[in-house]
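Good morning, colleagues. Please have the sequence and the structure open before you as I speak.

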Amino acid sequence: MQRPDNFSTFKRLRNEFPFFSFEDYAFRITEKGLFIEYTFNLSDRYIFKPTVTVPYKNNIYRPIDRLSHEILDRLVFNAGMIELVSYWKAACPIHVIIKPGCLFQDQVKFWKKTYYQGLGEFFYLNSILTSEEEFMEIDARQDKKISLVHPGLSAGGIVPVGGGKDSVVSMELLNGSGADWLPMAINPGKATKAVINAANKRPEETIEFYREIDPQLIKLNQEGFLNGHTPFSALLAFYSLIAAYLSGRKDIILSNESSANEATVPGTNINHQYSKSLEFEKDFRDFVSGFISKEFNYFSFLRPISELQIAGLFAGMKNYHAGFRSCNVGSKTGSWCGHCPKCLFTFIILSPFLKPDELVEIFGKNLLEDLSLAHILEELTGIIEVKPFECIGTVDEVNLAFSVAKDMYPEDKMPALIRSYPQLVENKKISEEKFKDLLKSFNPGHFLTGPYFNILTAAIR
């Protein structure tokens, strides 16, 4: 992978822009919805004012007069703390000033770790050499004690939905169990709406967040300021607290699997999916219970299982196959681009469970016939050491799925990519045994309890 060497740009911008401040935030709630605006300041040269709007829905939200300004204030401030990193990374000032709220030292540690690990891909792809100790200094007012808020949450859950197969599996398993849940989406696109509809949830039952990036940030990126991946799932985590409070539901049910724990760059902590990892999940749970409220229950429903197991479950959920999309390139149009790592990964991981003509019906073509995807296949299978920077399964899972997928084709109609990489399917007997074992596995690292644990274990059996 050819990476641009932006380290000199990083150092120049840090000198030119010595500080970044979280200046302020404001919110109001009316019968039309919750409206939030943040103000960020890049060294008195650029002011950013991103906004978030949550349309109010009387049938699923608490009455407005029963919502606490104090609780919303705490939740909105913390969401702003994760929003700021998208704007900070344009110039990476070493000094970060938090003006509108107080932080304890342990909170500062949480935020520095979340930013640094969540920006691991950003630093790597820009060839930026720095450390968690050196990349940022956070200056905030200190309090002597913390008072937790009491949002008065009750039974029921919310499920963040992105339009891919993982959240579909969560929704369908919860539907089958009779659980009480509502979907949540940030800037819902065509695929998100399609799978929510297939789950028999109406638009008026969906918690929707409409997030608008300040256009000035996009302009700066075009002018040569630094750009790259930020931890979106961490941002989703903090907005899910607001969703849970508005709807009065304590369970925040994510769909992150055990596969998300694998590093994207072997031998390092650089993981495109850091904010989907078990490590972040634990840190976030501890942060929320220690500094916000003990009532929220944030956990990943699919954490004990792998992408391969999710694909096996999803294969049987036929009513979602036409509408789901895992392709980031085609996310705005609700399409599969057919040329990216997410498309090829999804095609491969489903190949052991769906017939070739079913896959062609979903993707529009057989991606295993496309030799132009050979380089991506080599990244997915570990022939090239660094994985694609996408939300994908482990190298072992891809290799197992690719090997077992051979059985779906007669010998005289074997796809070009399978024919071109015989080394990936040569140990077929070993692959089949590992494949069967993986489909039965249940990773012990998770936070599932009670009925959620029982629902998932029953599905795997």
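The side chain of Thr 346 reaches the backbone oxygen of Lys 342, at 2.7 Å. This is a predicted model, in which local features need pLDDT of at least 70 and side-chain atom pairs count only at pLDDT 80 or more, while totals for chains, interfaces and linings use all residues. Residues are numbered from 1 along each chain as its sequence is written, and side-chain values use heavy atoms, with hydrogens and water left out.

Thr 346 lies in helix α11, residues 341–350. Helices here are DSSP runs of H or I with at least four residues, strands are runs of E with at least two, and both are numbered from the N terminus. Is Thr 346 buried or exposed? Its relative accessibility is 1%, so Thr 346 counts as buried. Buried means under 20% relative accessible area, exposed over 50%, and partly exposed in between, with a 1.4 Å probe and protein chains only. Leaving aside neighbours within four places in sequence, Thr 346 is in contact (heavy atoms within 4.5 Å) with Phe 324, Ser 326, Trp 336 and Phe 363.

I turn next to helix α6, residues 190–198. Its buried residues are Ala 191, Thr 192, Val 195, Ile 196 and Ala 198. Seen down the axis of α6, these fall within an arc of 160°, so they line one face of the helix; the arc is that of the directions from the helix axis to the C-beta atoms. On the other side of α6, Lys 190 and Asn 197 are exposed. The cover over the buried residues includes α5 (165–177) and β8 (181–186).

Strand β8 also pairs with β9 in the parallel sense, over 3 bridges; two strands pair if DSSP finds at least two bridges between them. Met 184 has Ile 207 of β9 as its bridge partner. Strand β9 (residues 207–212) pairs with β4 (residues 51–55) as well, here in the antiparallel sense over 3 bridges.

Finally, the salt bridges, of which the structure holds 19. The term denotes a side-chain nitrogen of Lys or Arg within 4 Å of a carboxyl oxygen of Asp or Glu. One of them joins Lys 57 and Glu 208, at 3.1 Å from N to O. Lys 57 lies in the loop between β4 and α2 (69–88) and Glu 208 in strand β9, so the pair ties together parts that are 151 residues apart in sequence. Both Lys 57 and Glu 208 are buried.

Notes:
A polar contact is a pair of N or O atoms within 3.5 Å; within protein, one must be able to donate a hydrogen and the other to accept it, and residues adjacent in sequence count only if both atoms are side-chain atoms.
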